[in-house]
Amino acid sequence: MAPILASRRRLLTSVGGVTAAGVLLPIVERSSEPERVVLPEFRRRGDRDDTAALMRAAETGRPIHAPAGRYLVSMTAAENLPPTFRLKGDGAKATVFARSYSRPSPFILHADSGSPNPRDNFMDYRIQGLSFEDDVAQRGFSEFDYLVMLNGVTGALIEGVEFRGFRGDGLYIGSSTVRSQERHNAEITVRACHFDGMNANTRNAISVLDCDGLVVEGCTFWNVGRTGGPLPPDPMNPFTGVQSPGAIDIEPEPTGFSRVQNVSIRNNLFIGGGGYAVTLNMFENTGKAFQRRFSISNNRVLDRYGGFSARGFASGSDASIPYDIAILDNVAERCRKPFLVDGMHGLRVTNNRFIDCAEEGELGYHRRNFEVKLASNEFLRVGYERGFALWIRSSDGLVLRENTFLDCGLRDGSRGIPIAFVSGVSTNVSLLENIVENRSGRTTEATTVFAEASVDRRTLTVSGNSVRGPVDRGPTALF
């Protein structure tokens, strides 16, 4: 969805653009945007940091220019940016807004419209050409310390901004700081930004609780998200406590009013870190609350714990409106787990490449999936630690079509099963024109049905699949 751009108009300097002497005058472009104010000019003697200066500048209602330099800013939930806010620096490496520790506060920037009605939203925010910075390396993980929080904002553009060393979330697009306090965001674009978790001891780069119309494009995400582990949580050790959701986390709360829809996450690069590159944690689409229409496309994920996760609460014939999720044209390489899909109704995984992933992708975990389709994906050397490329649990209406499974399985060739139904009951399954190929000796059989699983043969469709190379047909093989 296109960002809202500041209006411009062109004015001629004379009628016809020609003087009496016959000299052609240039067209002069003038901006309708008001003149900018300069942030350092609002500093006052006695200020502990730059927070008060920023608020003074913002209260003028004019765009703020922050020249190259380092600014110390922190805001509490009681401190609030104005209804319109524009802040521009001289580049992310030159203009740095670092968290001020002169007083306790959870944010560098905080905006809250104070109203559940989107008509009262703060409008037309711009944050460009600067960086936000915290000190996760020295201070460690802190879940509720954010860099930027937006609640009840419409038409925000965050462009060319770096988020570095955040201890909790980098950017939080939320619904107030108080649980069950209703706010709605709309038309937010995050473009060409860089999120650097430094030591992967963070929560998420971007958390989204409520937004209609979100674009995240052309961004890079480095070392975002704690891996977690069996030991009690230690804020200085990312391999303890609970795993973070990942880089981008869509996480509406069960408030009955959360809305997240029309989301596009495209052309981004994710490298390193715990959790998944993109996580969708959905509730059912009921009443005022709905989550639908997601496109995750043309992203590249390297050396992370996981590629993509989509988890919902679909509940059979009474399942809510389909989520309408498309995961397409992505690459997940050297991730431990390529994807996890659980409790989904209406999801497509199309034309992706999953390369050298240690574990299998999973369809189903705790809940049944409905109307899930995997088509034209490549699984290359997936499952080299566990021996599987794809695990399937309870499902209804699953379609696997034109997928390629090449050299999937353990490196020593003792077990390699691309498609495994491992538990639960699967009905209305279609296996169409898939290719299983064994070139390196890793793959032992194409498909299998575990003893704990049941595939309804009456509603099973199998057609046009091919097996190439030395691959056994096990006793429960489906093709």
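Biologist: Why is Arg-70 called partly exposed?

Modeller: Its relative accessible area is 49%. The cut-offs are under 20% for buried and over 50% for exposed, with partly exposed in between (1.4 Å probe, protein chains only). So Arg-70, at 49%, ends up as partly exposed. Keep in mind that this is a predicted model, where local features need pLDDT of at least 70 and side-chain atom pairs count only at pLDDT 80 or more, while totals for chains, interfaces and linings use all residues. Residues are numbered from 1 along each chain as its sequence is written, and side-chain values use heavy atoms, leaving out hydrogens and water.

Biologist: And what makes Glu-133 count as buried?

Modeller: Glu-133 has 18% relative accessibility, which is under the 20% limit, so it is buried.

Biologist: How do you know that Arg-70 forms a salt bridge with Glu-133?

Modeller: The rule asks for a side-chain nitrogen of Lys or Arg within 4 Å of a carboxyl oxygen of Asp or Glu. The closest N and O atoms of Arg-70 and Glu-133 are 2.7 Å apart, so the pair passes. Arg-70 sits in strand E5 (residues 69-73) and Glu-133 in strand E10 (residues 126-133), so the bridge ties together parts that are 63 residues apart in sequence. Strands here are DSSP runs of E with at least two residues, helices are runs of H or I with at least four, and both are numbered from the N terminus. By the salt-bridge rule, the count comes to 36.

Biologist: What makes the contact of Arg-203 with Glu-143 a salt bridge?

Modeller: Their closest N and O atoms are 3.6 Å apart, and the limit is 4 Å, so this pair counts too. Arg-203 is in the loop between strand E15 (194-196) and E16, and Glu-143 in the loop between helix H2 (136-139) and strand E11 (148-151), so parts 60 residues apart in sequence are tied together.

Biologist: Which residues are linked in a network of salt bridges?

Modeller: Among them are Arg-336, Glu-359, Glu-385 and Arg-393. The side chains of Arg-336 and Glu-359 meet at 3.1 Å, N to O.

Biologist: Why is Ser-395 called buried?

Modeller: With a relative accessible area of 4%, Ser-395 falls under the 20% limit, so buried it is. Ser-395 belongs to strand E35 (residues 395-396).

Biologist: What does the side chain of Ser-395 make a polar contact with?

Modeller: With the side chain of Ser-426, at 3.1 Å. A polar contact is a pair of N or O atoms within 3.5 Å; within protein, one must be able to donate a hydrogen and the other to accept it, and residues adjacent in sequence count only if both atoms are side-chain atoms.

Biologist: How do you know that strand E22 is mostly covered?

Modeller: In strand E22 (residues 276-281), 5 of its 6 residues are buried.

Biologist: What makes E22 and strand E25 a pair?

Modeller: Two strands pair if DSSP finds at least two bridges between them. E22 and strand E25 (residues 306-311) have 5 and run parallel, so they qualify. Thr-279 stands opposite Ser-309 in E25. Strand E19 (residues 246-250) is joined to E22 by 4 bridges, also parallel, and there Asp-249 has Thr-279 as its bridge partner.
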